[in-house]
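Reader: Could you walk me through this model and tell me what stands behind the terms you use?

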Amino acid sequence: MPLPAEMARVFTEEKIDFVRRCGLKAERLEPGFVRLRMPLAGNQNHIGTLYAGALFTLAEIPGGALFLTSFDVQRFYPLIKEMNLRFRRPATSDITVEASLSTEEIARIQAEAEQAGKAEYRLDLQLRDGSGEMVAETSALYQLRKV
């Protein structure tokens, strides 16, 4: 069974010490959809824009947040297999990312993992600044594994 939204928020924001120190916030967590925010404050690089590692963290965490809200956390766990991140423009404000999986895709992934012990899924995401401009895009391959 997926976690309730508040428990998923705590896990997303606080379970990984590095993520907690970055100040990442889970703004919306529900089955099949997450929206996360990385603050600029405290995550600036040497020129005052958002540090690349903070952008990478924001791009990677949605796979785990979607897992918490969409899959049976007692029977499965997620891994990231690969991720590509393309920087489009400097990030000079807080950055958000939204990720989603359809009900059908969630069912497919979980059924395949149940049968084969693992299943892969891809998330292609856009990281956006406060004005809605894309600052980076990413493609990540995740794997759901049976416990």
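Predicted model: local features only at pLDDT ≥ 70, side-chain atom pairs only at ≥ 80, totals over all residues.

Author: Gladly! Residues are numbered from 1 along each chain as its sequence is written, and side-chain values use heavy atoms, leaving out hydrogens and water.

Reader: What makes α4 a helix, and how does its reach compare with the span expected?

Author: Helices are DSSP runs of H or I with at least four residues, numbered from the N terminus. α4 covers residues 103-116, which is 14 residues. The expected span is 1.5 Å times one less than the number of residues; here that is 20 Å, and α4 reaches 20 Å from its first C-alpha to its last.

Reader: Which residues of α4 are called buried, and why do they line one face?

Author: Buried means under 20% relative accessible area, exposed over 50%, and partly exposed in between (1.4 Å probe, protein chains only). I106, I109 and A113 are the buried ones. Seen down the axis of α4, they fall within an arc of 70 degrees, taken from the directions from the axis to the C-beta atoms, so they line one face. T103, E104, Q115 and A116, on the other side, are exposed.

Reader: What covers the buried residues of α4?

Author: With contact meaning heavy atoms within 4.5 Å, the cover includes α3, β3, β5 and β6.

Conventions
Helix = DSSP H or I, 4+ residues; strand = E, 2+ residues; numbered from the N terminus.
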